[in-house]
Amino acid sequence: MNAVTSAVLLAAGRGARLGPLTQDFPKAMLEVGGQPMLHRIIGGLANAGVDRFTIVSGHAAESLEQATGDGRRWGVHIRYVRQAVLDGTARALALARSDVGDSSFFVGWGDIVVDAANYDRVIAAAGPTGASLAVNEVDDPHAGAAVEVDDDWAVTRIVEKPPKGTSNTRWNNAGLSVLPPEIWGFVAALQPSSRGEYELPGAIAAFIAAGGRIRAVPIAGPWFDAGTPESLAAARLHFGG
């Protein structure tokens, strides 16, 4: 039986890059393959053994919560917390601290779309250390977070939004991970980034710098960050609508 049974899904963002599509609508509820992205993620994780979810809502929260419900359609339990001030993904995650207890937990972004088999892979890879991080290969990870790994696929360093052309890795933080309870101390100690936000990759990077071990897991199949019109269209093309 899977050791990871709880998940935190971050779905508070405004989706500014999607323009009118998300002006009054939650980004995670945009449809890919005939269902909202958030519902696709919940279903995939439920099939991977996760049965308790905390969803962090924010922009158009009421619409998202009403359309998703309490989770019974997937055979899971869903609780919602609202991020009133959109000051970063680490602050969003901190709102779910009391829900996950002192166990490792899955965390993911509500607009990251992948083939469902990846959820099992990321959870299984966490193993005895209770920590894993999905990565996807890109030409240059300057738009996300560069992830450096060693020969055993242990993450050695994460650099959030490095200047273009400066990374010596092609691996990007894919936005799906299993984190251990030790992460909470690093979330609490995190300082705002140069963009003025408390960013979860920064807390993960600090955990690694302090000797924490996280196993990298390459995404199988395509990876879509559906926060732009182009990526949303590509996800819809791949998943059939």
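Reader: Strands first. What counts as one here?
Author: A strand is a DSSP run of E of at least two residues, numbered from the N terminus. The model is a predicted one.

Reader: Good. Which strands each supply at least two residues of the lining of the largest cavity?
Author: β6, β7 and β11 do.

Reader: How much space lies in that largest cavity?
Author: About 40 Å³. The count is 1 cavity of 30 Å³ or more.

Reader: Which residues line the largest cavity?
Author: The lining is made of Ile41, Gly108, Trp109, Ile112, Val114, Tyr119, Gly175 and Leu176.

Reader: How does that lining divide by class?
Author: 6 of its residues are nonpolar and 2 are polar. None is charged.

Reader: Which elements each supply at least two residues of the pocket lining?
Author: β1 (6-11), α3 (89-94), β11 (171-179) and β13 (223-225).

Reader: And which gives the most?
Author: β11, with 4 residues.

Reader: How many of the lining residues are nonpolar, polar and charged?
Author: The pocket lining has 17 nonpolar, 13 polar and 12 charged residues.

Reader: Back to Lys27. What does Lys27 form a salt bridge with?
Author: Asp111. Their closest N and O atoms are 2.8 Å apart. The pair links distant parts of the chain, 84 residues apart. Lys27 is in the loop between β1 and β2 (31-32). Asp111 is in the loop between β6 (105-109) and β7 (112-114).

Reader: Are Lys27 and Asp111 buried or exposed?
Author: Both are buried.

Reader: How many salt bridges does the count come to?
Author: 11. One of them joins Arg97 to Asp102, with the closest N and O atoms 3.4 Å apart.

Reader: Is Asp102 buried or exposed?
Author: Exposed, because its relative accessibility is 63% and the cut-off for exposed is over 50%. Arg97 is partly exposed, at 31% relative accessible area.

Reader: What about Glu199, which residue is its salt bridge partner?
Author: Arg195, with the closest N and O atoms 2.9 Å apart. Glu199 has a relative accessible area of 9%, so it is buried. Arg195 has 40%, so it is partly exposed. Elsewhere, salt bridges with shared partners join Glu137, Asp139 and Arg170 into one network.

Reader: New topic: β1. How many of its residues are buried?
Author: 6 of 6, and the strand is mostly covered. Both faces are covered. Ser6, Val8 and Leu10 are buried on one side. Ala7, Leu9 and Ala11 are buried on the other.

Reader: How many bridges join β1 to β4, and in which sense do they run?
Author: 6 bridges join β1 to β4 (residues 52-57), and the two strands run parallel. Leu10 stands opposite Val56 in β4.

Reader: And over how many bridges do β1 and β6 pair?
Author: 4, also in the parallel sense. There, Leu9 stands opposite Gly108 in β6.

Reader: Now α1. Why call it largely enclosed by the rest of the structure?
Author: Because 10 of the 11 residues of this helix (residues 37-47) are buried. Among them are Met37, His39, Arg40 and Ile41.

Reader: What comes just after α1?
Author: Gly49, with a positive phi of about 105°.

Note on methods
Residues numbered from 1 in each chain as written. Predicted model: local features only at pLDDT ≥ 70, side-chain atom pairs only at ≥ 80, totals over all residues. Heavy atoms only, no water. Nonpolar A, V, L, I, M, F, W, Y, C, P; charged D, E, K, R; others polar. Salt bridge = Lys/Arg side-chain N within 4 Å of Asp/Glu carboxyl O. Buried < 20%, exposed > 50% of the residue type's maximum accessible area, 1.4 Å probe, protein only. 1 Å grid on protein atoms, 1.4 Å probe; cavity = no way out; pocket = protein on both sides within 12 Å on 5 of 7 lines; lining within 4 Å. Points joined across faces, edges and corners; volume = space filled by probe spheres on them. Pairing = 2+ DSSP bridges.
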